[in-house]
Amino acid sequence: MFTEVALSASSTDSTIYVWDIRSGSTLFSFKQSMSPKAGLARVPRPGATLQTGAILTAQTDRAVLNVYGWQRDQILHKMTTPEKIITVTASHQGAYVAGATATGRVYLWHIATGHLLRVFEAHYRAITRLAFSDDDTTLLTASEDASVNVWVLANLLDTTQSDDQHDAMERPSPLYSWSDHTLPITDMHVGCGTMAGARVYTASQDHTVKLWDLATGKHLTTFLFPKPVSVVVVNPSESMLFAACEDKIYSVELYRRRQDKTYGTHTVESVGGMGKVESVGIKTVDPISSKIQASSEPSLGTVFSGHTGPITGLSLSFDDSLLVSSSEDGNCIVWDVASRQPLRKFESHKGHVTFVSCFLRPAELLTGASSQKITPMAWKPFKRAMVSQEEERRNGSEQIVMDTHMDLKQHQQLVEAGPLYSSLPTPTESIQKAKIMLKEMKV
């Protein structure tokens, strides 16, 4: 039977712990790693998105990425990088790893071959978060320059336009660039679904969480909090949002029930929309009596209190019944979402906890797994320089990118009214033209 576990890491404690969120007992640990807040990523096993095949960590003191497997607690691979990576993420299909630096540069590697596929300047200041969309069609970058850029992955992987490495390092054009925040962005959450239906949540030091539509790039709603927001997470059904402000967690219902007095029925409608601002946990002053009043929306802003230091990470259980938080106070707390009460506290870390994530317990940690032969993920050392196409062909390792032309057509149809056509030529267009010409010659 599969159960859920939590993985927590620290920037000062060199041990990464894997523990049971139901009992709080430690199940496994990894040694020799100290990673920053966004410097740890769970790498899915290729072909099995829900299974975590490896752990990848960026180090706070050197330009190295550590790779850990479930077979032992020591480092499996040490990937030397051209620069020190401060945030890292992996694609949902377990094919690519993206790392970002304090200078705003992004590196994109292919896991199976270790090839450095793309290097580009994504922002002008440090990148705080990287995230792939659920279908891996886009890569999103958030930065201290208060902007979020959305990049089409197929465009980043397309190096056929030039074999010059300098040209491949030039900044590509983002699909969208969101710059509505006024202060550095601290966190980002990409909702479930394909590019045509996913929504993106961005948190900032400007006391807001903004909601975006990934299909159109439009700003939908702004949630205003009493203090700077450090972490944001949303449940898979996207009916509830959790945002951390210093040592408190606010939960926000994204749908509210309204009573129709005319027909005596209840309707459910989404909160916000059309760029509306929704206040969460902010007290207002009555202009007549000058008395402080609670927010006019009692359904917004219920609070989880229990940490004594700033909260650095949030993660939900598979069924959304439990919320796990990490903090600079060195503890992780498991909360019951319905009652907002702490159930247990994990106190094994000896320093600030910078990362926490809930996921299904790996097969290697199940009872009796030692007798099973579970094939570990295949890794190749990450290259520090890009490989030319000629070298890829010579080594027989040229990467074939899936044809996403039809996906882009469908996206264009959703965004713009009109026929489902595009000015981009398809890979089979020349074949279709030749086929038509042959038919005409026969006639």
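**Figure 1. Pairing of Ile55 with Tyr68 of β6 in the predicted model.** Ile55 stands opposite Tyr68, a residue of β6. The model shown in this and the following views is a predicted one. Strands β5 and β6 are paired in the antiparallel sense, and 4 bridges connect them. In general, the strands of a sheet are paired through backbone hydrogen bonds, in either a parallel or an antiparallel arrangement.

**Figure 2. The open sheet β4-β5-β6-β7.** This sheet is open and consists of 4 strands in the order β4-β5-β6-β7, with antiparallel pairing. The edge positions are taken by β4 and by β7 (77-80); each has a single partner strand, so one side of each is left without a neighbour in the sheet. From one strand to the next, the twist averages 30°.

**Figure 3. The largest nonpolar core of the protein.** A total of 21 residues make up the largest nonpolar core. Val43, Leu65, Val97, Trp109 and Trp379 are the residues with the most contacts inside this core. At least two core residues are supplied by each of β4 (40-45), β5 (48-58), β6 (64-68), β8 (87-90), β10 (105-110) and β11 (116-121). The largest share, 3 residues, comes from β5.

**Figure 4. Surroundings of Trp379, and another core.** With neighbours within four places in sequence left aside, Trp379 is in contact with Val43, Ala54, Val67, His77, Met79 and Ile111. Trp379 and Val43 are both among the residues with the most contacts inside the largest nonpolar core. Apart from that core lies another, of 17 residues, which include Ala203, Val229, Ala243 and Tyr250.

**Figure 5. The open sheet β12-β13-β14-β15.** Here 4 strands form an open sheet, ordered β12-β13-β14-β15 and paired in antiparallel fashion. At the edges are β12 (127-132) and β15 (176-178), each of which pairs on one side only. On average, neighbouring strands of this sheet are turned by 15° against each other, direction ignored. Strands β14 and β15 run antiparallel and are joined by 3 bridges. Val150 has Tyr176, in β15, as its bridge partner.

Figure 6. The loop between β13 (138-143) and β14 (148-152) contains Ala146. Although Ala146 is not a glycine, its phi is positive, at about 70°. The relative accessibility of Ala146 is 9%, and the residue therefore counts as buried, the cut-off being under 20%.

Figure 7. Glu238 is placed in the loop between β20 (231-234) and β21 (240-245). This residue is other than glycine, and its phi has a positive value near 55°. Glu238 counts as buried because its relative accessibility is 9%.

**Figure 8. The protein as a whole, as context for the close-up views.** The protein contains 5 helices and 33 strands. Of its 443 residues, 48% are buried. Among contacts in the protein with a separation of 6 or more, 51% are between residues 24 or more positions apart. The accessible surface of the protein amounts to about 21,600 Å², and carbon and sulfur atoms account for 52% of this area.

Terms used
Residues numbered from 1 in each chain as written. Predicted model: local features only at pLDDT ≥ 70, side-chain atom pairs only at ≥ 80, totals over all residues. Heavy atoms only, no water. Buried < 20%, exposed > 50% of the residue type's maximum accessible area, 1.4 Å probe, protein only. Contact = heavy atoms within 4.5 Å. Areas by Shrake-Rupley, 256 points an atom, 1.4 Å probe, with all protein chains shown as cover. Core = buried A, V, L, I, M, F, W, Y, C linked by side-chain atoms within 4.5 Å. Pairing = 2+ DSSP bridges. Axes fitted to C-alpha atoms, helices over the stretch in contact; angles between N-to-C directions.
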